[in-house]
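Here are my notes on how the chains meet and how the copies are related. Please read them with the model open.

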Amino acid sequence: MFIRNCWYVAAWDHEITAGSLLARTLLGKSIVFYRESSGRVVALENRCCHRFAPLSRGRLEGDHLRCMYHGLLFDSQGKCIEIPGQETIGPQMKVSSYPVVERDHYVWIWLGDADKADASKIVNCHWLDDPSWIGKPAYMSFAGNYLLLVDNLLDFSHLSYVHENTLGGSSVIAATRQKIEQILGGIRITRYYSSISMPPFARGIAPFEDPVDRWHIYNWYVAGNVLVMDSGWAPAGTGALEGRRAQEAMQFTLVQALTPESENATHYFWLQPRNFKLDDKALTETLATAATVAFVEDREMIEAQQKVIKANPDNKMITITVDAALVRVRRMIDKALAVEAA
Amino acid sequence: MFIRNCWYVAAWDHEITAGSLLARTLLGKSIVFYRESSGRVVALENRCCHRFAPLSRGRLEGDHLRCMYHGLLFDSQGKCIEIPGQETIGPQMKVSSYPVVERDHYVWIWLGDADKADASKIVNCHWLDDPSWIGKPAYMSFAGNYLLLVDNLLDFSHLSYVHENTLGGSSVIAATRQKIEQILGGIRITRYYSSISMPPFARGIAPFEDPVDRWHIYNWYVAGNVLVMDSGWAPAGTGALEGRRAQEAMQFTLVQALTPESENATHYFWLQPRNFKLDDKALTETLATAATVAFVEDREMIEAQQKVIKANPDNKMITITVDAALVRVRRMIDKALAVEAA
Amino acid sequence: MFIRNCWYVAAWDHEITAGSLLARTLLGKSIVFYRESSGRVVALENRCCHRFAPLSRGRLEGDHLRCMYHGLLFDSQGKCIEIPGQETIGPQMKVSSYPVVERDHYVWIWLGDADKADASKIVNCHWLDDPSWIGKPAYMSFAGNYLLLVDNLLDFSHLSYVHENTLGGSSVIAATRQKIEQILGGIRITRYYSSISMPPFARGIAPFEDPVDRWHIYNWYVAGNVLVMDSGWAPAGTGALEGRRAQEAMQFTLVQALTPESENATHYFWLQPRNFKLDDKALTETLATAATVAFVEDREMIEAQQKVIKANPDNKMITITVDAALVRVRRMIDKALAVEAA
């Protein structure tokens, strides 16, 4: 069960290069992406209407895509405009096309009712394309239902355990109460930690020593499963807990989007840009690797969790205090699904 | 759903060697093949009637096959003739045996009602064993339903696209109308192409240059999914389109048989003999490799198609003009299935 | 369908080492094992009650086990004793714990009604831990239902065929009638073979030559699928058939236990100790390897059989004379299952 009427991240812009085809399954639908000569991204149903050959095995001819089984040619609206050996082409000869918006290096797709596709509803992710922030775009596939990833991102108590040696570094994180606020289309979570260790991955990178004050302040948008987070740390007592950022504070804006591939798999797109040492390319690589290592920790846990759930799908989880945000978001998702089903 | 009352190719004769066992699944049934000392091929159900051990793990003892789990011995009719530790053997102790005919290097099997097995109904494939034709026997397994292979072979428009750089070489093939005639047990397809390129694989082999006239004239037999095709090319204007074959014409008789392994897999047996340069062994290898390369192109497309269909089994394909022959054969198959079901 | 109210072998004692976690699926339940500081073995449900993370990915903290997703801590009774970020802990926060008894180097587990767990019902396997017998503990996993392994062990006619070149060596084994007696909780099988070959694996090891008299005398216990067998061989005519063991006789006590992993897989634990040349470590290795080679022969046959059965689950096997013991034990199992279902 997926919310259909919303924008999802389908790809990084650099994944769809001129002259090539990208096949990706989103919400259970196989889609083929390419660029018109103008650069505009096209998204078509990845299945020829004739004998169901995948169009991603086809050939791009200018702005059109030819099925390389029997040669049917489709335009970028999905309309069949040539059938070898046949003069006339009936209107039923077409494949679905989907609205696409390229913004901030993300390629967003709308898989719901096309007349509801409103690009103004795309979450603001300008940090992905802002010269005062630098990071490295990343992608990973999880063999787990997207809700397990949503849960993970809405409960940072797991930083103390899953990420003990990477993003965490202190059991105080798990013990800390968070503030949850309603925002338009989602929730806002605020977490401050006073005078603790910096994340292990930051040791040797930070220009200061422990203890530090840390913060995680993030918006979660139900539509598209998007997280935008202000996070970082500064020498303890330099004002971070009151919202002031010391000159030497290390600040990041993490932008993540989860797009269901199927009920059992999820696409995970992220960038974690920093606003310091913008020209230090080695640091960009180091931080990107550190994030990947941490998200692999999540993946291992979530894929293990998925297997346990699959083995006993009827069992009920038990909710605890730290689940407050994920319970609230799961309710918002259920409500959106109910609206779409009605 | 498979037609049962017909002869299918089970193997090449050389696959069943003296003293060894061949296990192969045909129409969903696992069968074990071996040769009696006389050379006659035996086909038995590949499952001991006792504890269901596969007899293909057994041991050939003269003309008999011993199950190597508990030692039951079966004769070549499938009758159990020895049970270790037991004096008498009840009539229920047997496995099925199947009629087999070895002809033209193909081993044909009958998996339907045994009393209907009539060897005179086996399709004439003498080119497989004719000194005036030379080729190399080949086999391939496709992870796709046999109907997808039937479709493929009944619509040569795909030569222009799937086989653009091997068997095709011209978009004229796809644009050409074919003649379809009814024949006993199948259809006959005639395709002539005037003054086009020869197939790419033939360049450097043919003793003449483009343009050429080409032809594909083939019979399709529904029983056993057998194709027998006269194909080739000659210098343009030397009479091929009127049925005359120039001295230097390159002619082939392709003989193909498709035997369902299961609903999701198909055995593919073929020989594509030529009637020129009969002693040129290097050419035999070159041409066999060229055919294999082309049929791997089919396999990739068909296996991709099978995956798309499996993901959305309820969708309906849309028929176009080039599908005329495959539509007709699918109707013949459906009719045969209905007769057997009744 | 598994008998629940009985003791099963879960592991060898050496598989559960201090400070580490062992995950094993038994009767379809995933269990995590560890040792308390006292050395006592703990068996807990391998699934956190919170979000279903596997506890085998957790961390042992003294005698307690912490889930490394969100940090819940469980005691060795399965009770949750700490939830990060939460003061009080409801009684529903727990995972199942299972009775465990460590005896004779086997770790036995009770997965049925805990109040019926009576350690006095554990089969006597003292040969596993007896200074007058020496062997090497072994474990193997079979991709087959446990009943197929039960069948195998209750019909030694297969020694002549499956193990022709290892444990068998003579078709007389299969042709020999066995004596079957009822014992408490199972059956006793007695098989004597007069003046035949010794098992092939023994050639070069035995201090005497063929012919030999051989014997297999074993108890089969339905509860836990345990086999305890007196087996061996001695020079022909030296009294073995009358129960006298010559000085040079080679004697073994095979102790085997089959524990279902799932409907499709089985854990197989065994030791085959001898009572001669107790200090010959090279001989211990040689004999252990020989047993493994033989049981791999069983595994190949049983896994092949399982595939055949899975392909056609509705077919009925046909019983023959040598099946007498396995038929009787299958009835005892069915009866025990019916009692538990009632």
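1. The contact between chains C and B takes 22 residues from chain C and 18 residues from chain B. Two residues are in contact if their C-beta atoms, placed from the backbone, lie within 7 Å. On the chain C side, α2 (172–175) and α3 (281–311) are the elements that give two or more residues. α3(C) gives the most, with five residues. Helices here are DSSP runs (H or I, at least four residues), numbered from the N terminus.

2. This is a predicted model: local features need pLDDT of at least 70, side-chain atom pairs count only at pLDDT 80 or more, and totals for chains, interfaces and linings use all residues. Residues are numbered from 1 along each chain as its sequence is written, with chains lettered from A and ligands numbered from 1 in the order in which they are written.

3. Now the contact of chain B with chain A. Chain B puts in 22 residues and chain A 18 residues. α2 (172–175) and α3 (281–311) of chain B each supply at least two residues of the chain B side. The largest share of that side, five residues, comes from α3(B). By type, the chain B side divides into twelve nonpolar, seven polar and three charged residues. Ala, Val, Leu, Ile, Met, Phe, Trp, Tyr, Cys and Pro count as nonpolar, Asp, Glu, Lys and Arg as charged, and the others, Gly among them, as polar.

4. How is chain C superposed on chain B? A rotation of 120° does it, with 0.0 Å of shift along the axis and an RMSD of 0.0 Å. The two copies are thus related as by a three-fold rotation axis.

5. Lys310(C) comes closest to the rotation axis of the residues of chain C, at 12 Å (C-alpha).

Terms used: Least-squares fit on C-alpha atoms with pLDDT ≥ 70 in both.
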